[in-house]
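The following note sets out points for discussion on the model shown below. Kindly read each point alongside the sequence and the coordinates.

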Amino acid sequence: MTPSRRGLLIGLSATGLAGSALAAGPLAIAGRQVQGGYVIGRTAPGAAIRLDGQPVGHASAQGFYIIGFDRDAAAGAVLEVSGHGAQTLAITPVVYDVQHVNGVPQDTVTPTDPALLERIKREAALKAAAFASVAEGDWFKDGFRFPLDHFVVSGRFGNQRVLNGTPSRPHYGIDLAAPQGTPIHAPAPGKVVLAEPHLHYEGGLTMIDHGQGLISCCLHQSAQMVKTGDFVTTGQRIGSVGMTGRATGPHLCWRLKWRGRNLDPSLLVGGKAPA
Ligand SMILES: [Zn+2]
């Protein structure tokens, strides 16, 4: 045994920790501590993670984990990583605009047709099953890119929406306007957990699990080039911009969800895990 190896073991027995030396000391985290934001951390492989008292999985084999903060997250989030005590992260609030959108198909605002309501229910179940995915990987750790090379932001994350005059749910995505047919690229590696061409609200929808249940949704596509079960790499073409589903013009709506929380995808762009 080398002296440094022996030192590590002595350190562990002195503190009674079950993990590696990485588990001692302050948390190694990076990210954006705002509503709709996230934190990527590095700790001992397999360490248990809890957020606000709830178990939210384990660090990967390389020790990486991600947690996210909802659009309406409270001012403090309590992060617990096994081997560390609980730590309260300050979450900066965001002021959201009210956005009026007119001209969307009325049956995507106030659907009444029984057959359509049945279809919406069926499609909700498909999406819920895909959102339940929690892939083993940690492909979120090397950062995200925007899925389009050129675009104009036509709708920000979190806006309170008024559709055809009817107050609606907040906008849980970022809208990137670009011409019909513009190539869409995977924003980060991951497993395709849903690829459906004709959903009532989303039109052509592809969902990608970037690991630990961090799931991208790409909506309104006119064409899709991947299928459920495929593994995609950053920048790989996955489809084409369209205006299928609830849309008034060609754009990509990019959403990001982690364990039921809606995140602002743009905050992930350029972000990286702590070294
Ligand atoms: Zn959108």
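1. S222 sits in the loop that joins β16 (214–221) to β17 (223–224); helices (H or I, at least four residues) and strands (E, at least two) are DSSP runs numbered from the N terminus. The model is a predicted one, in which local features need pLDDT of at least 70 and side-chain atom pairs count only at pLDDT 80 or more, while totals for chains, interfaces and linings use all residues. Residues are numbered from 1 along each chain as its sequence is written.

2. S222 is partly exposed, because 18 other C-beta atoms lie within 10 Å. By definition a residue is buried with 20 or more other C-beta atoms within 10 Å of its own, exposed with 12 or fewer, and partly exposed in between, the C-beta atoms being placed from the backbone. Apart from neighbours within four places in sequence, S222 has contacts with Q180, G181, G204, S240, V241, G242 and T244; a contact requires C-beta atoms, placed from the backbone, within 7 Å. The C-alpha atoms of S222 and A186, 36 residues apart along the chain, are separated by 16 Å.

3. The chain is divided into domain 1 (3–90) and domain 2 (98–268), with bounds from an automatic or database domain assignment. Their contact takes 16 residues from domain 1 and 18 residues from domain 2. On the domain 1 side, β2 (38–42), β4 (54–58) and β5 (64–68) each give two or more residues, and β5 gives the most, with four residues. The C-alpha centres of domain 1 and domain 2 lie 30 Å apart.

4. The largest nonpolar core has 56 residues, and Y38, I49, I66, I67, M207 and L252 have the most contacts inside it. Each of domain 1 and domain 2 supplies at least three residues to this core. Such a core is a set of buried Ala, Val, Leu, Ile, Met, Phe, Trp, Tyr and Cys residues joined through C-beta atoms within 7 Å. Leaving aside neighbours within four places in sequence, M207 is in contact with A130, V193, L194, I215, S216 and C217.

5. Helix α2 (residues 114–131) has 18 residues, which at 1.5 Å a residue should span 26 Å, and its end C-alpha atoms are 26 Å apart, in agreement; the expected span is 1.5 Å times one less than the number of residues. Of the 18 residues of α2, one is buried, so the helix lies largely in the open.

Conventions:
Two residues are in contact if their C-beta atoms, placed from the backbone, lie within 7 Å.
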